[in-house]
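User: Please go through some terms used for this model and say what each one rests on.

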Amino acid sequence: MGVGARKVAAKAVSPHREYEPYLEAKWGLKNHWYPAAFTHEVPDKLVKGVMIAGHEIALRRGKGGKVYALADRCAHRGVRISKKSMCLTDEHLTCWYHGFTYGLEDGVLKTILASPDDAQIGKTRIRTYPTHEKNGMIWVFVGDEDFKPVPPLTSDLPMRVPKEYDPNPVAFILDDNTFVRGIHRTGDSNWRLAVENGFDPGHVLIHYDNVFIAATDRKLALGWQPKSPEAVEVIDLPEGPKGIMNRYDPHLNLYNYINENAVTGMKVYGKQEYYVRTSMWVPGVLLVEHWPVTNWAQYEFYVPIDDTHHEYWEIIVGHCNSEEDRKEAEFKYTNFFEPLGLLEFNNRDLFAREAMQDFYEKMDGWNQEQLCKLDAVVVGWRKLAARFNRGIQAPPPGADRKD
Amino acid sequence: MGVGARKVAAKAVSPHREYEPYLEAKWGLKNHWYPAAFTHEVPDKLVKGVMIAGHEIALRRGKGGKVYALADRCAHRGVRISKKSMCLTDEHLTCWYHGFTYGLEDGVLKTILASPDDAQIGKTRIRTYPTHEKNGMIWVFVGDEDFKPVPPLTSDLPMRVPKEYDPNPVAFILDDNTFVRGIHRTGDSNWRLAVENGFDPGHVLIHYDNVFIAATDRKLALGWQPKSPEAVEVIDLPEGPKGIMNRYDPHLNLYNYINENAVTGMKVYGKQEYYVRTSMWVPGVLLVEHWPVTNWAQYEFYVPIDDTHHEYWEIIVGHCNSEEDRKEAEFKYTNFFEPLGLLEFNNRDLFAREAMQDFYEKMDGWNQEQLCKLDAVVVGWRKLAARFNRGIQAPPPGADRKD
Amino acid sequence: MGVGARKVAAKAVSPHREYEPYLEAKWGLKNHWYPAAFTHEVPDKLVKGVMIAGHEIALRRGKGGKVYALADRCAHRGVRISKKSMCLTDEHLTCWYHGFTYGLEDGVLKTILASPDDAQIGKTRIRTYPTHEKNGMIWVFVGDEDFKPVPPLTSDLPMRVPKEYDPNPVAFILDDNTFVRGIHRTGDSNWRLAVENGFDPGHVLIHYDNVFIAATDRKLALGWQPKSPEAVEVIDLPEGPKGIMNRYDPHLNLYNYINENAVTGMKVYGKQEYYVRTSMWVPGVLLVEHWPVTNWAQYEFYVPIDDTHHEYWEIIVGHCNSEEDRKEAEFKYTNFFEPLGLLEFNNRDLFAREAMQDFYEKMDGWNQEQLCKLDAVVVGWRKLAARFNRGIQAPPPGADRKD
């Protein structure tokens, strides 16, 4: 809200022609894999409810510990099945209210506890979602039930960094012998604002006075200014991930590292030169190579919840080939990466995204924003997402009748 | 909110033909008696404000302690008169803001404290409502001011159980020599979801693991399945109450008591057989005979407040013919009926109603629900309410401009 | 909300013809001076954000301590610049997110920290607002940027009381040798309801039992009833303030002081006769002469924030010609005027305004209210504001898409 000085001039030609579908993706991109929960958040005998891109989903383990995902509304009278866990067998999901009992595999109504001869049995069903669990994380494929074939999870993750891109590549989140740990929390902004903040080469200013940066004496620029279109590389792997990368690689020399500003006298204080590289992947996954320290990587997922909230996932990934490695990784994760990196440092990013929300939600921000030179990669991302998404998620029933 | 798997198929013939008006009764049924407050909640010199079916009502005692009910908005500048009690005489209701003073009997403006010769005096008025007080409860007749004649309160209560229905009938809430005690609290759901939960023979599953049930070793079924249409009896007393009764009477044998389920292996643990009977009465009053223990009764009122809230009244009623009886009743009420029954046990019902609210409010639940065999009595209630109500309450002014 | 007994009769002739524009001024009157902050609330190196009549404004001190006011949305991606203070020089306002840096004087983009050669520099700008600071208060002229010439602040304050009006005039808020102290807080009502409560001669009833009144044994009437149209004087100074005054002056004898009411037996208890005079000035400034005690004055400002909130300013003003005077004033302010006057006494006014909000916001109060004899001055104010405002503030962008 608020009267500013912003001109609301009619524009003859929309500047958005090149990424129009992206502007409609308020509720997210559909038919993609999204992280839904950590393994430890879905213990046996618990029905865990989540919302992804407006889809209400119940997660439960069945036979052999396999995770299943089903629609989280009972067909009978519409309560969320996850509101109270009722786990009677390892093949069924039972609603706590009237005992409607669905098969975990197919979602078909198998019995009603107190009406075992009911005509609905075998006919009514709730939908199911594909799942994948690895290295402590559970992913769900969210979108149209009839979308076939379901693409591999790897197509919705950052590429495994090849030797051509880095002689010393960081670990890949799905690999064995990998340390994977992190946190997730809800951000009060649309998922797109989260993505755009995540790897925008101008946003580092918000970190210039961070404890992390000061304590490690890192030389973090006021911003990175692309010198030419090559600074931003689009990566389109056949059948594989689609991403956009800031080629910060020093030997390429594609960015100006701005460390001071003449007009204001502003300059950075850190002395330790430091190399990091960022890339963003459809449907909204950030890879920061060599962060928080060299040889490690930080993955971030900005998972749409509804039109004004996203689930913010921050995952630290590292090579881990021995028990010795694991112990050291846990020490570093617990005492450095999580408190100073995922929390202290990235809290600033959460703050910045949420600060944009009002403007984009209520003040026609998508048309009123005035992008600058630093935003080349943001525009690049928008085009990428507009081109490679597998569909735009429509609002769920009742979305216009919010609490 | 949420994308489920629910089919939103167009239906050639509406399944609701038989209870259409009920679906419009979001704000309640009008021209009925509703409980408004306990006697002890309206002491002398207090103006008590309540909302029933969108009607803002001020309660106050006048001459001889009689309770009056008037519209709770001052005609002058629209403040709620009950916001601050100003009780100057026992014939008037004075607004605390500018001293507009109305007659308790007729609602006519009798004076303005600082403008005693004002032209409005004797002309302006606020409306009044009929009241009735008995056994510690205050009822108000809510609806059109010109609805005449006002029917007796007994027509909006459960029938007094006759000997033909029970050789050992429970006490009637309005009788002398009756113990009447209870509580009320606000539920975050529409009043109809509260009613429908209240006596639905499938909802008992939510109570199967309740402390009350486990502690008393009650054999409470997973659900009661009606065997034939006779299981549900419609009671239409001329000039009297209209209700629908689950004929759980054991000698009639009209219900299957489902105590286990083959598919899931689920079964109940209690050993003590127990007889209870439930009936629901227009405009939404539950009678549970022989509950929480034999010879006692529990009345429940689901009073519409607005379209998304109801006031949930739970009243324990018992025969009480001596001071000895009264003392024992108080002991049982205080140490058993209220903590373990009205709270511990019925909290589950409140939970279940509120769990349905989103679906019915935002996801077209009335058309999307998939009722089963257990719901015969729910449908029976809907038809009854559609047929015997004295009018559907329209939304109040400003209802569409909610906070 | 609520069904009352209010007739919603169509009215052949609108009673509002004489003050129609006032009814549209939900967001305030524009092109007027409003208090924005106390001097002590804008220390060096702080960017202070306020909202006035829907305008989001950032306040900051520049060279020589001068206060500047600029639009509080960065042109780049729309964050509020005041969300985090970044003060690099005394000529610039820098946005904390991407370092967009605007000139304090003209609002023009002077540099972007990490994009110093950006094409937007020198072209993009945010708007500025005129400011004035005196006696510990900061005023901002809020409205159209092209409104010229900006009228003097004195035209939007109460007149300096001339000797003809009072042989012993109270101090003027902008004068030197004046003690000026007070508080401000947010009220949950539209600004117009705040104004109308402030000097309505019938509203004193809400104060009849106040600690302030009882402790000082003041004879405060139940209400003041105007005897003739002369009781209410419109003051229209050429190029100067426009106000409406309750001529309570005892020698004029234009009001009936109503100290008891025959119908209800209500009467006031205080014995100390006391003279006070109230006047209201466009755009909504109250002057109470000889309050809280003789020779002192209380100014009140009801500053529109948005359509349902106002900032309530209460300022005590007194003559102060020596250090001795100042010490005594501080003693009285701290131990009497603020706790017993601005808080204890005026809390009642805040309560009353907020009690009107629902009715005017949701129940068509402007058409449903039934004004009485006491309201002559309220109607007088409405006409004055309708006639002398410099424009009606339109809702800001996004105002209809509230949280």
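Predicted model: local features only at pLDDT ≥ 70, side-chain atom pairs only at ≥ 80, totals over all residues.

User: What makes the span of α5(A) close to the expected one?

Analyst: α5(A) has 16 residues and reaches 24 Å from its first C-alpha to its last.

User: Where does α5(A) bend, and what does the angle compare?

Analyst: The bend is at A:M356 and is about 30°. The angle lies between axes fitted to the seven residues ending at a residue and the seven starting there.

User: Why are residues such as A:A352 and A:F359 called buried?

Analyst: A residue is called buried because 20 or more other C-beta atoms lie within 10 Å of its own. A:A352 and A:F359 are in that class, as are others in α5(A), including A:R348, A:D349 and A:M356. What covers the buried residues of α5(A) includes β11, α2, α4 and α6 of chain A.

User: How do you know that chain A touches chain C?

Analyst: Contact requires C-beta atoms within 7 Å; 37 residues of chain A are in contact with 44 residues of chain C. α5(A) gives the largest share of the chain A side, seven residues. That side divides into 19 nonpolar, twelve polar and six charged residues.

User: Which strand supplies the largest share of the side of chain B that touches chain C?

Analyst: 44 residues of chain B are in contact with 36 residues of chain C. The largest share of the chain B side, three residues, comes from β7(B). By class, that side has 15 nonpolar, 16 polar and 13 charged residues.

Note on methods. Residues numbered from 1 in each chain as written. Chains lettered and ligands numbered in written order. Contact = placed C-beta atoms within 7 Å. Helix = DSSP H or I, 4+ residues; strand = E, 2+ residues; numbered from the N terminus. Nonpolar A, V, L, I, M, F, W, Y, C, P; charged D, E, K, R; others polar. Expected span 1.5 Å × (residues − 1). Buried ≥ 20, exposed ≤ 12 C-beta atoms within 10 Å, placed from the backbone.
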